[in-house]
Protein chains: 2
Amino acid sequence: MPQRNRREVVRFLVAARQCEIENLKHLLEAGRLVLSITGLVHRLQRERGASNLFLGSGGQCYGEQLQDYQDAATQAERELRARLGGWLEHTQCPHGCARFFARIATALHGLAGLPELREQVRARSIAVTAVMTGFNDLIRDLLAVVFEAADSAADPQISRALVALFNFMQGKELAGQERAIGAAGFSQGGFDDSLRQALLHRIDAQERSFEVFADFCDPQSRAAWQQVAASPHTSEVERLRRIACTRTLSGADGMETAQAWFAHTTHRIDAMKRVEEGLEAHLEGLCESRIEAAGSELAAADAPTAGFAALALAAAGPFATLFPDAQTEADGEARSPVLAAGIGAPLSGRSVMDLVHQQSRRLQAMEDELHAARKALAERKVIERAKALLMKHRGLSEDEAHRFLRQTTMNQNRRLAEVAESVVSMAEMLG
Amino acid sequence: MPQRNRREVVRFLVAARQCEIENLKHLLEAGRLVLSITGLVHRLQRERGASNLFLGSGGQCYGEQLQDYQDAATQAERELRARLGGWLEHTQCPHGCARFFARIATALHGLAGLPELREQVRARSIAVTAVMTGFNDLIRDLLAVVFEAADSAADPQISRALVALFNFMQGKELAGQERAIGAAGFSQGGFDDSLRQALLHRIDAQERSFEVFADFCDPQSRAAWQQVAASPHTSEVERLRRIACTRTLSGADGMETAQAWFAHTTHRIDAMKRVEEGLEAHLEGLCESRIEAAGSELAAADAPTAGFAALALAAAGPFATLFPDAQTEADGEARSPVLAAGIGAPLSGRSVMDLVHQQSRRLQAMEDELHAARKALAERKVIERAKALLMKHRGLSEDEAHRFLRQTTMNQNRRLAEVAESVVSMAEMLG
């Protein structure tokens, strides 16, 4: 093999590695952005609850707390915006960036409406349901940014951590919505059909989210979650859920049950917050260890490369530490044939072949590791899309669309994702 | 909504659009690269056939033709390398680029071995099977680049064209391998188990490839393909396939049948080449019309943006023509509220909301259009991965792995992709 041809092979191998590093840089930035969003979402959830109580009490209670919560949310929003400021300065266009940026734009658009919503709450010129919808939509748009970050992640470990975090945040948000729906139902003495359907939808979707979370989270978070699931508050919530679905309550009973419901669900959600903090710490730790490991490699990739020898060295040498897991597979072999041959030494055909094989094994190992996370995200995407299509074409509400999918799943004894896939394929065929 | 907040929303919308344009630029480059690869693969297929005949005739025949074919392939290789030269100068890192570059490196590595293979053919110091393996592997690596280009395409129409072209090339390559296997079997008077399995694998995989091609190709190509399928050569090939699977032939019969087999399969493959040319022309036309439509938009995106007004204008204005299909959905509405408001005029909350909604509708429409192409590629990927895992963990040959998957599919009455998915999931669980 002529030297010229060997060098061309190595140039493309190096380019591939540089792309990976660029993508990793973006992923780390996205991870930090997600952590800002987690903080903001939690504060908005608190503010939503306090806003409801403030309005429910005719402005008599929770006024001071509401102000504190609003200030905390505003502070979190400021931090998020500061972090976002850096994003537009990147000249690179990472994988999936168009959707990611579009999601951010949507979330920012939602945030821009927050001051007006708050004014209306203060003036008590808005209905509780409208406040709920306002906060729910905003939180949904913020969660969509987290989903997109997970969906474009090409690092197996960070990808898993993001899938776990997204699903946990989603589950916690659904638990918050369930709390509000239950409080409304119990305090009015019972649940009509549409309220019951809304409740069941939140319970069911919550379980699905927590299942996916448990499949992808770190062991500590899984253990922490099992503790939450085994707590007496969770059993109380289960008991009250059953009552909500089956019984009508008398007036006094209703208010008492509503208070019990609110107390237990709040305990449960607070416990969730602690699990979420563990997930955040895990993600943060992953990002930091990646940055540390990549430190010198990123610097090397940024520096103007001093000719081919440096490129070949970079291809085989320091970058290898970036992906310790995949590297172990190649442990039995000479680690860096180009490096061993000495800088500037001619490349043998054999050493180039080793490089090519190492790289493709490493990329395949990463693909394999990413497979499960990608599948979980793809299934979620297709389920959401099927719901949206059912809402559009059949004029269903979101709760009804959800029920339709669940019932079809049970009737046909198939997986939810399969049924959703059929709905999406049908919609494609019908145009 | 404060002006400052509105502007931030629009900045992210513009960034999203710029990412799309960057991705489109890369896709067009990848499309041109694919066209170079198509040409090279066809020439290598011809050279492979002539090499076999040259060796089979003890060097007596086809010597001159072989030289011509080698020269043509070398010329096509030179064109491909010239095109590749430009790729490394991109500073941007498009979606999926790491895998794409790694595939190119692998293909270049294969090409670098070609001169040695040719010397061995000339010196008749190599077995026919080794020549076959050499060319088959090289063509497989070149096809993998085409697959990767299709897999990272984010434009629905170009993506469909690439899926159709890849599957057609794959089917044609399998038809070429089938021709060689059949020629070997008939000329030796019959097919043993392993040769028959190899033949059945090529027939079966060919059909699958052509089915996917027909699902994604343009109408002209589909019509052209139906003509090939209805030709008398195809029926003759079918008849000879049946003989190959069921009968043993006497010596003289064998040679005669081998010649008939070679003639009919060659006619069929030549007809395929004409369909392939149609697919190439279609892809080229798509790339060119995209470039034309995008011309001024790309220039606008490259120019240093003159402040926010230009950005907002760019977000709503000329770029819109880039995606005419998705645009029609929004036809009922004001097309470019920012543009209508005049350059530099303040953005109303309403116009920003329109922009946000337009963008997310457009991205969703693109996602929907891409869904089927993505699914076809994902299924192919999981089938190939399942085969590789079966070969590795069970020590099967590729033909045996293929047969295992097909039999399981039939026994369990499931789709091939589903069975493959189970194999991959199992392998993940077993580590």
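Colleague: Why is Lys381(B) called partly exposed?

Modeller: In this predicted model, Lys381(B) has a relative accessibility of 30%. Buried means under 20% and exposed over 50%, with partly exposed in between, so Lys381(B) at 30% counts as partly exposed.

Colleague: What makes the contact of Lys381(B) with Asp151(B) a salt bridge?

Modeller: The closest N and O atoms of Lys381(B) and Asp151(B) are 2.8 Å apart. The limit is 4 Å between a side-chain nitrogen of Lys or Arg and a carboxyl oxygen of Asp or Glu, and the pair therefore qualifies as a salt bridge. This pair links distant parts of the chain, with Lys381(B) in helix H14 and Asp151(B) in helix H5 (residues 128–151) of chain B, 230 residues apart.

Colleague: Is Asp151(B) buried or exposed?

Modeller: Asp151(B) has a relative accessible area of 12%. Since buried means under 20%, Asp151(B) is buried.

Colleague: How do you know that Arg81(B) and Glu77(B) form a salt bridge, and where do they lie?

Modeller: Their closest N and O atoms are 3.1 Å apart, and the cut-off is 4 Å. Both residues lie in helix H2 of chain B, 4 residues apart, about one turn of the helix. Arg81(B) and Glu77(B) are both buried.

Colleague: What makes Lys273(A) and Glu280(A) a salt bridge?

Modeller: The N to O distance between their side chains is 3.8 Å, and the rule asks for a distance within 4 Å; therefore the pair counts as a salt bridge. Lys273(A) has 13% relative accessibility and so counts as buried. Glu280(A), with a relative accessible area of 16%, is buried as well. Over all chains, the whole structure holds 58 salt bridges.

Colleague: Why is Ser51(B) called buried?

Modeller: The relative accessibility of Ser51(B) is 0%, and buried means under 20%, so Ser51(B) counts as buried. Ser51(B) is found in helix H1 of chain B. Leaving aside residues up to four places away in sequence, Ser51(B) touches Leu66(B), Val121(B), Val131(B) and Phe135(B).

Colleague: How many residues does the contact take from each chain, and what area is buried?

Modeller: The contact takes 52 residues from chain B and 52 residues from chain A. Between them the chains bury about 4,700 Å², 64% of it on carbon and sulfur atoms.

Colleague: How many salt bridges are counted between chain B and chain A, and what makes Arg99(B) and Glu367(A) such a pair?

Modeller: The count between chain B and chain A is 10 salt bridges. The side chains of Arg99(B) and Glu367(A) come to 2.9 Å, N to O; the cut-off is 4 Å, and this pair therefore counts as a salt bridge. H14(B) gives the most to the side of chain B that touches chain A, with 16 residues. By class, that side has 26 nonpolar, 11 polar and 15 charged residues.

Colleague: Which residues are linked with Glu367(B) in a network of salt bridges?

Modeller: The network of salt bridges links Glu367(B) with Arg99(A), Arg103(A), Glu148(A), Asp151(A) and Lys381(A).

Terms used. Residues numbered from 1 in each chain as written. Chains lettered and ligands numbered in written order. Predicted model: local features only at pLDDT ≥ 70, side-chain atom pairs only at ≥ 80, totals over all residues. Heavy atoms only, no water. Contact = heavy atoms within 4.5 Å. Buried area = accessible area lost by both parts, 1.4 Å probe. Helix = DSSP H or I, 4+ residues; strand = E, 2+ residues; numbered from the N terminus. Nonpolar A, V, L, I, M, F, W, Y, C, P; charged D, E, K, R; others polar. Buried < 20%, exposed > 50% of the residue type's maximum accessible area, 1.4 Å probe, protein only.
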